[in-house]
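This report goes through a single protein chain, from its overall build to a few selected residues. The sequence and the structure come first.

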Amino acid sequence: MRQKPALSFWQIWNMCFGFLGIQFGFALQNANVSRIFQSLGASVDDLPVLWLAAPVTGLLVQPVIGYMSDRTWGRLGRRRPYFLYGAILSTLALILMPNSPWLWVAAGTLWILDASINITMEPFRALVGDMLPDRQRSFGFAMQSLFIGIGAVAASALPWILANWAGVSNVAADGGLPDSVKWAFYFGAAAFIAAVIWTVASTKEYSPAELAEFSGSHATDAAASPVDTRSARQYRASGTLWLLSGSFFSIGVAVFGWDGQLHVLGVGGAAFGILQLVAAWLLSWGRNADALFSIMNDLFHMPRAMRQLAVVQFLSWFGLFAMWIYTTSAVTSRHYGTTDAASAAFNEGANWVGVLFAAYNGFAALAAVLIPFVAKRIGRRRTHLLNLSLGGAGLIAFLVIDDPQWLLLAMVGVGIAWASILSLPYAMLSGAVPPAKMGIYMGIFNFFIVIPQILAASVLGVLVRVLFNGQSIYALATGGVLMVLAGLATLRVDDHEDPKR
């Protein structure tokens with residue numbers, strides 16, 4: 001079996017450079033979408049459900065794109081077509097987003113934007129697994145984290161930079177957005193498409209024949225029927241149980257007058273049941289090579305290390321989603337003393353949140369350079385534990401810091417955790433899954449990023465209103481606690497390539 005050659009620094013640089021553009025779109029979304037929703041009349045309680053577009057589109061899009069890209073080969077290669085088409089759609093959505101005239105248009109545009117970003121992003125993760133040998137994967141994912149950090153710094157701070165350095169108006173017209181936010185989205189759209197085109201033009205992918213030589217198996221093995229399968233009877237039994245449980249839960253929400261956001265849990269459970277019933281039907285008819293069955297069956301037969309990493313990801317991303325949803329409302333209400341989205345103080349606080357988001361991404365870029373060296377010294381699992389603990393402490397610190405300027409210190413820990421979340425779990429995962437299914441397993445791994453976000457969108461609004469008396473600052477602290485727990489869960493991961501295990 002031929003060994004996969006090591007790539008040069010600049011080859012890895014070029015193949016990861018597109019993430020700079022992806023993060024422009026992702027960071028502009030994270031830092032400004034709650035602001036856009038509130039400017040169009042959304043209440044703080046409505047924010048989690050409006051944000052639901054992001055995780056749901058990731059849940060649907062990433063495994064499908066992973067499945068398709070595993071089976072694609074054409075003039076642009078295996079993964080690059082999806083980079084390019086997703087980037088074109090993302091660029092258009094970024095231009096439309098700040099010009100949304102009504103709340104429902106903004107919510108719909110978020111669905112389109114997040115779907116497009118996911119189309120672009122998922123194959124980038126698989127590309128590192130395709131192109132790099134095991135010994136370079138930590139560095140490859142760290143390089144992606146570096147570009148994520150750099151892009152997010154620039155994108156998150158753009159409204160503040162335009163308002164304070166370029167003299168662009170930061171005053172919102174009635175029911176609208178300041179020009180500083182609109183122009184930030186326009187610049188972000190241009191950066192997105194340019195960075196992705198750079199990677200498409202400068203990176204040459206291995207052909208199916210070359211990948212077959214490296215893996216010792218045929219490059220189309222991803223299309224073969226899996227050895228391990230559940231029976232159609234198992235799928236029907238489990239699917240029926242999930243369908244009934246989800247349906248009865250939604251009925252209970254309606255009958256007992258529980259918070260309407262909890263319907264998301266019932267509908268999600270019922271939908272998972274329906275998918276299993278469809279998988280049973282496909283298996284009964286011998287259609288076990290279809291995309292849906294392949295995704296469902298691989299989900300139920302994940303490698304052990306992937307199942308363990310799923311717990312780590314679930315807790316980590318619940319905490320992150322709490323931060324993305326509630327930082328603007330927490331900082332503007334607690335540190336700037338206002339909930340009026342049209343006030344000067346609110347817009348000043350919202351712009352400062354952009355700076356804070358830029359700061360944690362800047363710290364993440366710096367941490368990404370150091371993480372591979374720390375992981376080599378103390379092991380990937382212990383490094384991830386340390387980094388997530390620092391991130392959790394940073395989020396909890398929002399409770400005790402009064403001066404908004406000092407929140408920059410809290411963002412040091414958040415940035416270190418963010419860099420680690422974007423690199424070490426993927427480095428551990430890429431060595432644990434079959435090379436021929438790198439794309440589909442990277443997509444399935446995304447389930448454990450988006451499911452906690454869906455759960456957060458369902459319950460955080462209830463927690464803030466009922467348990468936290470409307471004070472969203474406590475949602476950030478909850479996210480911090482979950483991040484620490486995620487770090488502890490990392491110690492259970494079977495990372496066989498970790499010299500310190």
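Which residue forms a salt bridge with Asp298? The partner is Lys437, and the closest N and O atoms of the pair are 2.9 Å apart. A salt bridge here is a side-chain nitrogen of Lys or Arg within 4 Å of a carboxyl oxygen of Asp or Glu.

## Basis of the model

This is a predicted model, in which local features need pLDDT of at least 70 and side-chain atom pairs count only at pLDDT 80 or more, while totals for chains, interfaces and linings use all residues. Residues are numbered from 1 along each chain as its sequence is written, and side-chain values use heavy atoms, with hydrogens and water left out.

## Overall build

The protein has 20 helices and zero strands; helices (H or I, at least four residues) and strands (E, at least two) are DSSP runs, numbered from the N terminus. With a radius of gyration of 22 Å, close to the 23 Å that the globule rule gives for 501 residues, the protein is as compact as a globular protein of that length. The radius is taken over C-alpha atoms, and the rule is 2.2 Å times the number of residues to the power 0.38. The C-alpha trace spans about 65 × 60 × 40 Å along its principal axes.

Of the 501 residues, 59% count as buried, where buried means under 20% relative accessible area, exposed over 50%, and partly exposed in between (1.4 Å probe, protein chains only). Among contacts with a separation of 6 or more, 81% come from residues 24 or more positions apart; contact means heavy atoms within 4.5 Å.

## Salt bridges

The structure holds ten salt bridges. In the Lys437 and Asp298 pair, both residues are buried.

Arg78 forms another salt bridge, with Asp130, and their closest N and O atoms are 3.4 Å apart. Here the two residues are 52 residues apart, with Arg78 in the loop between α4 (53-70) and α5 (80-96) and Asp130 in helix α6 (residues 103-131). Arg78 and Asp130 are both buried. A network of salt bridges links Asp70, Arg78, Arg79 and Asp130.

Ser430 is placed in helix α17 and counts as buried, at 2% relative accessibility. Leaving out residues up to four places away in sequence, Ser430 touches Arg137, Phe141, Met438 and Met442. From Ser430 to Ser138 the C-alpha to C-alpha distance is 9.6 Å, although the two are 292 residues apart in sequence.

Gln136 belongs to helix α7 (residues 134-164). With a relative accessible area of 13%, Gln136 is buried. Its contacts, neighbours within four places in sequence aside, are with Ala6, Leu7 and Ile12.
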